[in-house]
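Student: I'd like a close look at a single part of this model. Could you walk me through it?

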Amino acid sequence: GSFAAERRTQEAVSHLEDIKMQEIQKDRVVLEEVKRQSTEKLLVKHSSRLANCRTESEVQKARAMNLLEIQQLERQLQQMTETKNDMWYSELEQWRQTVQMAARQLPTMGDEYG
């Protein structure tokens, strides 16, 4: 009886880990969307900046500004992604430990009168 109970406990643990992974996956999709939107917004700003240029030197200046801003945004998004990844990793680890600990507290069916 104890082996079956052990297996049921493991299945429950796996199931709970899956739930956490799905939550993280949803957050990931949201993050990607935020990154896509902020990049798009910046590109719109850039094309209107270029459209407003009247001289060649204004175009050059606008291009330099655009490049600088794109690089800044890429760095920010990179940092944001790394921060999120670290956060998700530790969240998952904490969740796993909590679930494993809770699973160990459970009496295994048929063992409680040992």
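Student: What covers the buried residues of helix H2?

Tutor: Happy to. This is a predicted model, where local features need pLDDT of at least 70, side-chain atom pairs count only at pLDDT 80 or more, and totals for chains, interfaces and linings use all residues. Residues are numbered from 1 along each chain as its sequence is written, and side-chain values use heavy atoms, leaving out hydrogens and water.

The cover includes helix H1 (2-51), where a contact means heavy atoms within 4.5 Å. Helices here are DSSP runs of H or I, at least four residues, numbered from the N terminus. H2 itself runs over residues 56-105, and its 50 residues reach 73 Å from first C-alpha to last, close to the 74 Å expected at 1.5 Å a residue; that expected span is 1.5 Å times one less than the number of residues.

Among the buried residues of H2 are Val-59, Leu-73, Trp-88 and Glu-69. Buried means under 20% relative accessible area, exposed over 50%, and partly exposed in between, with a 1.4 Å probe and protein chains only.

One is with Lys-45, the closest N and O atoms being 3.3 Å apart. Lys-45 lies in H1, so this pair ties together parts 24 residues apart in sequence. Another joins Glu-69 to Arg-49 at 2.9 Å, N to O. Arg-49 is in H1 too, so that pair links parts 20 residues apart in sequence.

Notes:
Helices (H or I, at least four residues) and strands (E, at least two) are DSSP runs, numbered from the N terminus. A salt bridge is a side-chain nitrogen of Lys or Arg within 4 Å of a carboxyl oxygen of Asp or Glu.
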